[in-house]
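The questions and answers follow the structure.

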Amino acid sequence: MSEALRVMVVDDHPMWRDAVERDLADAGFDVVAVAADGHQAVARFPAARPQVVVLDLQIPGPNGVEVTETVLRHDPSARVLILSASGEQEDVLAAVKAGATGYLVKSASREQLIDAVRRTAAGDPVFTPGLAGLVLGEYRRLSEPAADDPDRPQLTERETEVLRMVATGMSYKQIAERLVLSHRTVQNHVQNTLRKLQLHNRVELTRWAIEQGLDEPDGPA
Amino acid sequence: MLRLVLVANTLGVGLYTADEMVRPALGGVVVAGLVAWSLLVTWAYADASRRTWRLLAVDLAVALVALVLTPVAKPEGFDATLAGFWVMSPMLAWAARAGWRGGLLAGLLVGGTDLLIRDDVTQGTYGNIFLLVVGGPVVGYLVESLQRAAVERDRAEREAAAAAERARLARAVHDGVLQVLSLVQRRGAELGGEAAALGRAAGEQEEALRALIRAQDRVSARGPATRVDLSDALAGLESMSVVVSLPGHAVELDADRAAEVVAALRACLDNVERHAGPDATAWVLLEALPDKVSVSVRDDGPGIVDGRLSEAVADGRLGVSGSIVGRLRDLGGRADLATGPWGTEWTLTLPREAP
């Protein structure tokens with residue numbers, strides 16, 4: 001490993017925070033900051049400049065979704081991995097739309113956590129079957145005739161197929177074999193489903209801001 | 001307000017009949033007294049703390065005095081009393097304060113006095129008095145029911161608020177417990193041996209608690225369910241070996257159709273346990289399309305060997321598979337089975353509405 005990955009851990013349960021921090025440090029990551037709530041997370045992020053933020057959604061202060069938005073606005077190259085105990089569906093989906101690229105339940109093993117942090121850092125989305133189901137559901141919702149949105153994002157048939165397989169617990173390797181694709185192609189399809197949803201979310205936010213007259217001329221983003 | 005309208009009427013009638021009066025001065029004093037009393041008592045009744053029995057008694061007494069003085073001020077065979085319809089207001093006050101009994105008592109007193117002061121009772125007068133005596137208890141009864149309803153509503157609101165607060169506190173506690181259970185589960189699995197068993201137990205408890213929270217959330221809002229959220233029903237199937245993926249929104253179906261889907265799904269999961277072994281994991285995915293609903297169940301078992309299924313069908317040993325297919329057909333949908341090195345997958349598809 002050329003240089004240790006810089007990671008920040010945000011969790012309000014000290015026991016959990018310590019456990020995750022120790023696991024990551026043992027695996028050779030550089031834990032540059034920890035935070036117990038949203039305020040600390042947002043305050044410590046700029047100085048610590050982590051590459052990956054391991055974030056619990058259920059935290060006091062600005063919640064996980066808001067923290068995701070704030071840190072990614074500050075540093076778009078950072079990655080957010082959601083580590084959540086209670087699997088609150090709406091929150092997870094909101095965090096992903098706000099830019100988080102990974103989601104892991106807390107009962108995942110240490111190996112899974114370490115692997116997830118590595119993959120998140122590499123820009124590879126980390127999906128649980130549950131998250132894939134949510135994303136799929138969100139696309140379905142957006143494609144319903146009632147949701148009258150001219151630039152709603154749509155999945156290609158292949159993307160839908162891949163996402164359904166992720167949602168039924170198949171690994172990228174299994175999917176690649178079943179669909180006779182390369183591992184990289186499967187990864188790209190999954191990445192695209194997220195990217196389109198996040199882009200749409202940004203467009204929605206901007207349009208909403210313009211409609212509300214909130215679009216201040218602060219230069220190109 | 002009503003009292004003020006009534007007193008205005010009394011004042012008008014008093015002025016109009018002033019020239020007929022035997023003692024116009026006395027009549028004027030009585031009507032003026034009624035006007036003054038009305039203003040005072042309207043102010044007094046506005047605040048609940050001033051609505052005392054003494055005030056009510058004086059109010060009623062004023063009406064009775066006005067009635068008693070009528071034959072003195074007015075000529076024999078008078079039609080309207082000095083107070084006129086105004087006598088209604090103390091009676092309504094009694095009804096409002098003391099329910100139907102108060103209304104009846106005040107009505108009888110006012111009506112009785114009215115009868116006593118008259119030499120002859122015309123049909124019109126009798127009608128007015130009869131309405132007065134009947135009206136008192138009726139208004140009193142209505143007031144009582146309204147008060148009961150208000151008390152009932154207040155209690156229901158308080159209970160709802162208390163339940164919401166309990167649920168909020170429970171969620172906070174549950175979240176903490178869930179965090180600890182998942183930590184124990186994770187550490188246990190890493191340590192191995194006895195700790196691993198402990199970890200598994202913690203994992204099972206985590207699932208159980210999560211199911212309980214979901215069940216609790218479900219009770220709170222819904223009325224009698226003819227339509228149910230299939231997401232809720234499927235979420236209840238999650239366990240250590242079953243992973244359920246849901247869309248983030250409700251998928252409503254008729255309750256009996258949803259029950260059939262869940263039954264078919266249980267059959268699929270039983271199948272997984274039987275054929276793929278107890279260590280196999282099953283994944284359930286619910287998808288809601290505009291006109292149909294699809295539920296997929298995949299296991300990571302070895303899959304069904306080529307030809308085994310058709311062999312079984314040919315032998316008439318359809319068993320569980322047959323029941324799954326049959327259930328879905330009855331719902332106007334279909335059940336498809338796919339198998340390969342990646343496991344075995346059932347896809348149950350059915351239209352949202354009954355055919």
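This is a predicted model: local features need pLDDT of at least 70, side-chain atom pairs count only at pLDDT 80 or more; totals for chains, interfaces and linings use all residues.

Q: How do you know that domain 1 of chain A is in contact with domain 2 of chain A?
A: Contact requires heavy atoms within 4.5 Å. By that rule, 15 residues of domain 1 of chain A touch 13 residues of domain 2 of chain A.

Q: How much area do domain 1 and domain 2 of chain A bury between them, and which residues of domain 1 lose the most?
A: The two domains bury about 1200 Å², with 64% of it on carbon and sulfur atoms. On the side of domain 1 of chain A, A:Leu93, A:Lys97 and A:Pro125 lose the most area to domain 2, together 47% of what that side buries.

Q: Why is the pairing of A:Glu138 and A:Lys97 called a salt bridge?
A: The cut-off is 4 Å between a side-chain nitrogen of Lys or Arg and a carboxyl oxygen of Asp or Glu. The side chains of A:Lys97 and A:Glu138 meet at 2.8 Å, N to O, so the pair qualifies. Across the interface of domain 1 and domain 2 of chain A, the rule finds 1 salt bridge.

Q: Which helix gives the most to the side of domain 1 of chain A that touches domain 2 of chain A?
A: Helix α4 (residues 89-97) of chain A does, with 5 residues. By class, that side of domain 1 has 8 nonpolar, 4 polar and 3 charged residues.

Definitions and conventions:
Residues are numbered from 1 along each chain as its sequence is written. Chains are lettered from A and ligands numbered from 1 in the order in which they are written. Side-chain values use heavy atoms; hydrogens and water are left out. Buried area is the accessible area (1.4 Å probe) that two parts lose on being put together, summed over both. Helices (H or I, at least four residues) and strands (E, at least two) are DSSP runs, numbered from the N terminus. Ala, Val, Leu, Ile, Met, Phe, Trp, Tyr, Cys and Pro count as nonpolar, Asp, Glu, Lys and Arg as charged, and the others, Gly among them, as polar.
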